[in-house]
Amino acid sequence: SAVADVLRKHGQIYCEKKEPRFFDAHVFHDDPAFHSYKTLDHYLSLFDNINAQNALYRLDASTFVMYDAAAIQNILDISPDSRFIVMLRDPIEASRSMHKQRLRYSDKKMREVSDDFMTCWNLLQARSKGESFPVGCRNRILFQYDVLYHYERHIPKVVAAVGENPFLILNYQELRSSPEIFFQKLAYFLELDPREFSAPQEVNVSTYVDNTLRNRMRQNLFRLLARNTQSLRRALGLVGYKVKMAKGNQPQMAHPSQGKIQLDALTREFSDTYHYLNTLLKDSQIKPNDPS
């Protein structure tokens with residue numbers, strides 16, 4: 001989200017909607033009835049304006065394209081000269097972040113079954129069998145942290161699908177620790193001046209929201225109002241929308257001793273992933289973070 005926010009602010013990059021979810025809709029949604037764009041023409045209408053046509057690049061940052069090589073091939077069929085950017089993050093950190101994202105929602109279909117991360121993690125085996133998802137869940141991939149962040153199972157398929165097209169893999173940790181180097185890599189890949197990029201803002205913050213009837217009604221109203229009107233969505237603003245929500249206390253972190261046990265278990269789960277990432281990203285190692 002941070003990189004997409006920086007890119008969309010660049011004068012030569014056009015982005016009407018960060019994640020249209022056209023190419024990866026079948027990955028994100030369990031039911032095709034909830035696909036936002038039913039046809040290619042409907043999707044391409046996003047870029048049917050003078051600003052899009054005059055831009056050097058047109059950005060689609062739908063993240064779940066990474067999980068289906070066929071989606072990449074569909075992109076190449078439409079735009080053979082596409083460039084692809086993949087942003088990778090520490091798998092444990094990413095798993096915990098996704099869990100926190102699920103606690104932004106009071107809607108039971110989109111909210112995790114527990115505020116405790118390890119409680120949800122221990123349900124993953126059952127979820128691989130189609131069990132233990134939130135009641136009414138229509139986006140099961142969001143609740144399968146092991147599936148999402150075992151990058152070694154996905155990236156080789158992405159590389160093969162992209163073929164000879166320009167392809168860049170970035171490390172999220174480098175964005176935080178060495179932003180100048182990070183944006184030099186990005187600018188070189190896109191053949192743009194790195195000085196033309198503005199500093200990233202904090203976006204897509206994992207705000208914990210109490211699971212109350214009042215909040216569920218407010219979120220449902222927001223979705224109803226903004227479902228088909230992008231200008232109205234921008235006018236309302238996600239920030240203002242969040243401010244009106246009745247937030248609760250953030251879930252407590254595990255005790256340090258318990259956190260060490262949890263970290264060890266998660267590190268074992270992702271041992272192949274860390275080995276793969278550290279081979280892939282030789283100049284910027286990824287390793288498990290201290291849970292405290």
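Arg21 is buried, with 13% relative accessible area. Buried here means under 20%, exposed means over 50%, and partly exposed falls in between, using a 1.4 Å probe and protein chains only. This is a predicted model, where local features need pLDDT of at least 70, side-chain atom pairs count only at pLDDT 80 or more, and totals for chains, interfaces and linings use all residues. Residues are numbered from 1 along each chain as its sequence is written, and side-chain values use heavy atoms, with hydrogens and water left out.

Stay with Arg21. What does its side chain meet? Glu19, in a salt bridge at 2.7 Å, N to O. Asp24 also bridges to Arg21, at 3.4 Å. The rule for a salt bridge is a Lys or Arg side-chain nitrogen within 4 Å of an Asp or Glu carboxyl oxygen. Asp24 is buried too, at 0% relative accessible area.

Now a bridge elsewhere. Asp193 pairs with Arg195, with the closest N and O atoms 2.8 Å apart. Asp193 is partly exposed at 24%. Arg195 is exposed at 74%. Back at Arg21, shared partners join Lys18, Glu19, Arg21 and Asp24 into one salt-bridge network. The whole structure has 13 salt bridges.

Arg21 has another contact. It lies over the face of Phe28, 3.9 Å from the ring centre. Arg138 does likewise over Phe34, at 3.8 Å. The test is NZ of Lys or CZ of Arg within 6 Å of the ring centre and within 35 degrees of the ring normal.

Next, the rings. How many aromatic pairs are there? The count is 14. One of them is Tyr43 with Phe47, edge-to-face, 5.5 Å centre to centre and 75 degrees between planes. Rings of Phe, Tyr and Trp (its six-membered ring) pair with centres within 6.5 Å; planes under 30 degrees apart are stacked, over 60 edge-to-face, the rest tilted. Tyr43 and Phe47 are both buried. Ring pairs link Tyr14, Phe22, Phe23, Tyr37, Tyr43 and Phe47 into a cluster.

To the surface. Leu40, Leu44 and Ile78 form a nonpolar patch, with about 200 Å² of accessible area together. Such patches take residues with over 30% relative accessible area and no salt bridge, nonpolar side chains being joined within 5 Å. Areas come from the Shrake-Rupley method with a 1.4 Å probe. Leu40 is partly exposed, at 34%.

Last, cysteines. Cys15 is buried at 13%. Cys137 is buried at 12%.

How values were computed: Patch = residues over 30% accessible without salt bridge, like charges linked within 9 Å, V, L, I, M, F, W, Y side chains within 5 Å.
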